[in-house]
Amino acid sequence: MKKEDLPQDPSALVGVTREVCYVKDKDGKYTSDLSIGWDVKKQALDNAWEDINERITEAAAKVKSGEISPVFYFMEKKLMDLPLLSGYTGFWQWTIKRHFKPSVFKSLSQSRLQTYAKAFDISVDELKNFNG
Amino acid sequence: MDKLILPYNHIQTAHCENGVATGLLKHHGLDFMTEPLMFGLGSGIFYIHIPFLMVNGGPAVSYRSMPGWIFSRASKLLGIKVNRRKFNSEKEAYDYLNKQIQLGNPVGCQVGVYNLPYFPAEYRFHFNAHNLVVYGKENGSYLVSDPVMETVTTLTEEDMLKVRFAKGPLAPKGHVYYPENVKPVSKEQLQKAIYKAIHRSAFDMLSIPGPIAGVDGINYTARQIRKWRDKLGPRKAGLYLGQIVRMQEEIGTGGGGFRFLYGAFLEQASEITGNQKLLSLSDEFTKAGDLWRASAINMGRIFKGRLNEQKDFLECADMLDNIAAIERAAFKELRKIKM
């Protein structure tokens, strides 16, 4: 890539940083330059977020209709999956899956709620009272 | 410890691990070190497509070698030892980092980016192989030189523990590292190291058995792409392509970026060794990098929803096969190169 072809498309980096890219200068030698972003990359990231937000909205609807517990919703919201949530809580994956059931969730002990709240970086009240 | 600022020069690089490694070696007196040289000496260039493994709901591809390997491999070639510590206890990890700062030793830390407050929100996924340098402490906050940032930044003690103890794949476990026993490197030693590193990259890209690693892995991805649309439906297949682009051009750098970095390395290697052949092969990697970017643009047309026919997917796959052919030929030449 030539230096003058380095894309400068505003992206999520704006106001935070610019990124270093290796490009060819006019003598055909490598040099580095800074870029504020590239549309193709921005679009890929935006698409990924669209997908994530869809999943979060779906999860919220399921909590509202009583199909699933807030643990599932916050797992999606915090971009986690079962292995990751298991890592943060120390609970087995199948235990967490059980906690997805609203009936089981209602009977969770304060200490387990506390563990989840800490993993999600929210308060126990927020976790308990989330209703979609 | 109220205020302790170690004399460390912040450098910004395309890739975090290169940046930390380059910065720390410069700090220890190896002024000649540059990011491309570090990347090349560490045999950072790679490709792998891991089947059955999903990352953020998409295919798991990587355009570079395992996190941590670049620094370790480059150091070994230069006769440097990298001292690495991981911890089970947060308290121990906290004390150890503070002690290193008090000893006047700027250190590299492996961290997760999800809780990194200065990162743009859109980039904060649960990715655990980010690297930064801690070079001091002031008003209870760590002074941080993060190589993907233009300037230095800070992290509170609480945030630092959070990112050092992020969980999940590649969990850092408080990982702290720094080079030890750094001695001046002679020109001859550096030349030898360059050839060794080039041969190792050629091995990684050409000779690892199985279809998923090295140049073969690029062909493997191409074969997968040809099947995606029928197997997953147009929408999901588009998202998968998006993931490939995202992995290719993540924050810092990616597929295209890494190829340019390797091109820059070969250019510098040619200057250091006087071998003109390396300079002409540098151009092949520039070509490969340009094609990676062209392929990202093409994939972009699909995940933006402008195109979504099977023939568009086939075209993407063909482009990857073309890239594989160029990289294969270049590494075959590199494999033959002699001192």
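In the predicted model, 48% of the contacts in chain A with a separation of 6 or more are between residues 24 or more positions apart. Of the 132 residues of this chain, 33% count as buried. Chain A contains seven helices and two strands, and the order of these elements along the sequence is β-β-α-α-α-α-α-α-α. The radius of gyration of chain A is 22 Å, whereas the globule rule gives 14 Å for 132 residues; the value is well over that expectation, so chain A is more spread out than a compact globule. Along the principal axes, the C-alpha trace of chain A spans about 70 × 30 × 25 Å.

Two domains are assigned in chain A, with domain 1 covering residues 3-37 and domain 2 covering residues 41-129. The centres of these two domains of chain A, taken over C-alpha atoms, are 38 Å apart.

The two strands of chain A were examined next. Strand 1 of chain A comprises residues 19-24 and strand 2 of chain A comprises residues 30-35; the two pair in the antiparallel sense, with six bridges between them. One of the residues involved is K24(A), whose bridge partner in strand 2 of chain A is Y30(A). Strand 1 and strand 2 of chain A form a hairpin with five residues between the strands. In this hairpin, G28(A) adopts a positive phi near 80 degrees.

Chain B is likewise assigned a domain 1 and a domain 2. Domain 1 of chain B is made up of two segments, 3-33 and 81-180, while domain 2 of chain B covers residues 187-336. A distance of 29 Å separates the C-alpha centres of domain 1 and domain 2 of chain B.

The interface between the chains brings 37 residues of chain B into contact with 29 residues of chain A. On the side of chain B that touches chain A, at least two residues each are supplied by helix 8 (234-248), helix 9 (255-273) and helix 10 (276-303) of chain B. Helix 10 of chain B gives the most to this side, contributing eight residues. By residue class, the side of chain B that touches chain A consists of 16 nonpolar, twelve polar and nine charged residues.

Key: Residues are numbered from 1 along each chain as its sequence is written. Chains are lettered from A and ligands numbered from 1 in the order in which they are written. This is a predicted model: local features need pLDDT of at least 70, side-chain atom pairs count only at pLDDT 80 or more; totals for chains, interfaces and linings use all residues. Two strands pair if DSSP finds at least two bridges between them. Helices (H or I, at least four residues) and strands (E, at least two) are DSSP runs, numbered from the N terminus. Two residues are in contact if their C-beta atoms, placed from the backbone, lie within 7 Å. Ala, Val, Leu, Ile, Met, Phe, Trp, Tyr, Cys and Pro count as nonpolar, Asp, Glu, Lys and Arg as charged, and the others, Gly among them, as polar. Domain bounds come from an automatic or database domain assignment. The radius of gyration is taken over C-alpha atoms; the globule rule is 2.2 Å times the number of residues to the power 0.38. A residue is buried if 20 or more other C-beta atoms lie within 10 Å of its own, exposed if 12 or fewer, and partly exposed in between; C-beta atoms are placed from the backbone.
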